[in-house]
Amino acid sequence: MLQLPKSPPKVTMRLSLEEAYEECRQITAKYSKTFYLGTRLMSEAKRRAIWAIYVWCRRTDELVDGPDAKQTTPETLDLWEARLEAIFAGHPQDELDSTLTDTLQRFPLEIQPFRDMIEGQRMDLYRSRYETFEELKLYCYRVAGTVGLMSEGVMGINRAASTAPWAEGPYHPTQEAIALGIANQLTNILRDVGEDARRGRIYLPLEDLALFDYTERDLLEGVIDERWQALMQFQIQRARKYYLQAEEGISALSPDARLPVWAATILYSNILTEIERNQYDVFNQRAYVPSWRKALCLPVAWLRAQAL
Ligand SMILES: CC(C)=CCC/C(C)=C/CC/C(C)=C/CC/C(C)=C/[C@@H]1[C@@H](COP(=O)(O)OP(=O)(O)O)[C@]1(C)CC/C=C(\C)CC/C=C(\C)CCC=C(C)C
Ligand SMILES: [Mn+2]
């Protein structure tokens, strides 16, 4: 790990904290309609915190996935990690970092999930294949399950439900929060199979390909047949199991967080339904949920958020 100087250099900020949060809002709105919609349903304090986290995650992902990714080396990620430590030590390096430093003063966030996410991006630097689902699951935890842990700190838990005399203590739906991140990432992977293949990447576990007698070459050539359809059905079923696990934890979240999390969960999981509608063709078309169908999800999310 690179060391930061003992007394960090003084940084001149161009924007006020207010303006920096506004920039985070705009970045979230630009890059993720689904998550942005979710945050619009939260209280002001929570949504600002999620925008700050979103921007840090997006910047981390851009290091290995963005337009300048070719220049990224393991040392770039070491420096990014040193910068993360500085954010947590109260020494942000720019305005966007300063929103995260501010968020840390308002919500109980641990540094470890942020470190784990950098580790996940590191995997993208040296890996383009996963032999087993166990290996892929670790990757999914690192790049997405960690987001569940970060968000859980902001969303908060429903204390009323855990003050019953027989409760052993507050129940933290930590595994469920991780499960939602994994479910989202598996969905991402299925939607982007074609795009990733064109970059020489295969995230689907090779053991699963073998199980359905489908080869790497078939995948790189975009072959769609009964083997591919059966393989995709298997993957979709697995992702849905993670959504189901996550759903059990949503009622343990504080009441004002349930609607946004339900909305984001239903919207994101609907990408799987779109993949099915497209007959599993993820090579020539990108599965997306049309706006009118997104609108239909909201009343369903509202109803589910009312149930304890
Ligand atoms: C108990 C319980 C269920 C609690 C809820 C916990 C919770 C809110 C979990 C949310 C989990 C979540 C939103 C995970 C995000 C997963 C994700 C999309 C990860 C993205 C990686 C994908 O990489 P890839 O390169 O394959 O894809 P792209 O083509 O580049 O998109 C990431 C890009 C890593 C970085 C993650 C983000 C930028 C998203 C961060 C999102 C938030 C902070 C918003 C969460 C807010 C709501 C309303 C759910
Ligand atoms: Mn990415």
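Author: Let's start with a term: the domain bounds used here come from an automatic or database domain assignment. Also keep in mind that this is a predicted model.

Reader: Okay, so where does ligand 1 lie relative to domain 1 and domain 2?

Author: Look at who gives residues to the shell around ligand 1. Domain 1 covers 14-112, and domain 2 covers 127-165 + 175-308. Both of them contribute to that shell, so ligand 1 lies between them.

Reader: Which class supplies 20 residues of the shell around ligand 1?

Author: Altogether, 32 residues surround ligand 1. Five of the shell residues are charged and seven are polar. The 20 you're asking about are nonpolar.

Reader: Is Asp61 buried or exposed?

Author: The cut-off for buried is under 20% relative accessible area. Asp65, at 36%, is partly exposed. Asp61 comes in at 19%, so Asp61 counts as buried.

Reader: How much of ligand 1 does the protein cover?

Author: Start with the contacts: a polar side-chain atom of Asp61 lies 3.0 Å from an oxygen atom of ligand 1. For Asp65, a side-chain N or O atom is 2.6 Å from an oxygen atom of ligand 1. On its own, ligand 1 has 1,000 Å² of accessible area, and the protein covers 93% of that.

How values were computed
Residues numbered from 1 in each chain as written. Chains lettered and ligands numbered in written order. Predicted model: local features only at pLDDT ≥ 70, side-chain atom pairs only at ≥ 80, totals over all residues. Heavy atoms only, no water. Buried < 20%, exposed > 50% of the residue type's maximum accessible area, 1.4 Å probe, protein only. Near = heavy atom within 4 Å. Polar contact = N/O pair within 3.5 Å; in protein donor to acceptor, adjacent residues only side chain to side chain. Areas by Shrake-Rupley, 256 points an atom, 1.4 Å probe, with all protein chains shown as cover. Nonpolar A, V, L, I, M, F, W, Y, C, P; charged D, E, K, R; others polar.
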